[in-house]
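Reader: I have a structure to go through before I set anything up. Can you put it on the screen and take my questions as they come?
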Amino acid sequence: MKRLFPALALIGLGLVAACSNPVPEGESALDISGAYIVMPAGGQGIASGGLVVKVRGTDEMLTGVTTDAADSVELHTMVMDNGVMRMRQVKSFPVTEKSPLVLERGGNHLMLFGFDKSLAVGDSADLVLTFSDGQGKEQMMVTKAEIIGQAD
């Protein structure tokens, strides 16, 4: 029995390694999760949104987002400056293995302008994300974003 346990452990480690799907040199594998859009307050046309992006392999930059749920989407930073919230549009956000991209309320986020007022809490909308590796290679990914209420 003592000899069987190490052998089983090695087999288990081999299976984990085989399932980890290594990313080829110079390539990346992106994982997008937790996408949401916060319903605008009081019938306003401006919504915010968030998501998490993880990457394995080559670093990426989120360079753009589009959706049918709004006329346009901007990438925004948010910092507190002497007690005042300051939001600024940026051209991109980096995504690395060591630093996943987290867009959320109270931090860096998405701003959606001209939000589709026919959408309601509980609906969902596709977000089309554009990524660049900084070497001229772009890729687009689609994820579903749930429309949530202000208090969610």
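This is a predicted model: local features need pLDDT of at least 70, side-chain atom pairs count only at pLDDT 80 or more; totals for chains, interfaces and linings use all residues.
Author: Start with a strand pairing: strand 2 and strand 8 (residues 109-113) run antiparallel to each other, with four bridges. Strands are DSSP runs of E with at least two residues, helices are runs of H or I with at least four, and both are numbered from the N terminus. Two strands count as paired if DSSP finds at least two bridges between them.

Reader: Fine. Which residue of strand 8 is the bridge partner of Ser48?
Author: Met111.

Reader: What other strands does strand 2 pair with?
Author: Strand 1 (residues 28-38) pairs with strand 2 (residues 46-57) in the antiparallel sense over nine bridges, and there Ser33 stands opposite Val52. Strand 7 (residues 101-103) is also antiparallel to strand 2, over three bridges, with Val53 opposite Leu101.

Reader: How many helices and strands are in the protein?
Author: One helix and ten strands.

Reader: In what sense do strand 1 and strand 10 pair, parallel or antiparallel?
Author: Parallel, over three bridges. Ile37 has Ile147 of strand 10 as its bridge partner.

Reader: What else does Ile37 touch?
Author: Apart from residues up to four places away in sequence, Ile37 touches Ala47, Ser48, Gly49, Leu112, Phe115, Ala125, Leu127, Ala145, Glu146, Ile147 and Ile148. A contact here means heavy atoms within 4.5 Å.

Reader: And the largest nonpolar core, which members touch the most others?
Author: Ile37, Leu110 and Leu127, in a core of 29 residues. A nonpolar core is a set of buried Ala, Val, Leu, Ile, Met, Phe, Trp, Tyr and Cys residues joined through side-chain atoms within 4.5 Å. Buried means under 20% relative accessible area, exposed means over 50%, and partly exposed lies in between, with a 1.4 Å probe and protein chains only. By that cut-off, 32% of the 152 residues are buried.

Reader: Is His76 buried or exposed?
Author: His76 is buried, at 9% relative accessible area. It sits in strand 4 (residues 72-81). Its side chain makes a polar contact with the side chain of Glu74 at 2.8 Å. A polar contact is a pair of N or O atoms within 3.5 Å; within protein, one must be able to donate a hydrogen and the other to accept it, and residues adjacent in sequence count only if both atoms are side-chain atoms.

Reader: Switching to charges. How many salt bridges does the structure hold?
Author: Two. A salt bridge is a side-chain nitrogen of Lys or Arg within 4 Å of a carboxyl oxygen of Asp or Glu. One is formed by Arg86 with Asp81, with the closest N and O atoms 3.1 Å apart. Arg86 is partly exposed at 33% relative accessibility, and Asp81 is partly exposed at 34%.

Reader: What about Lys144 and Asp126?
Author: Lys144 forms a salt bridge with Asp126, the closest N and O atoms being 2.8 Å apart. Lys144 lies in strand 10 (residues 138-148) and Asp126 in strand 9 (residues 124-132), so the pair ties together parts that are 18 residues apart in sequence. Lys144 is exposed at 53% relative accessible area, whereas Asp126 is partly exposed at 34%.

Reader: Over how many bridges do strand 9 and strand 10 pair?
Author: Nine, in the antiparallel sense. Leu127 is bridged to Thr143 of strand 10. The hairpin of strand 9 and strand 10 has five residues between the strands, and Gly134 takes a positive phi near 80° there.

Note on methods:
Residues are numbered from 1 along each chain as its sequence is written. Side-chain values use heavy atoms; hydrogens and water are left out.
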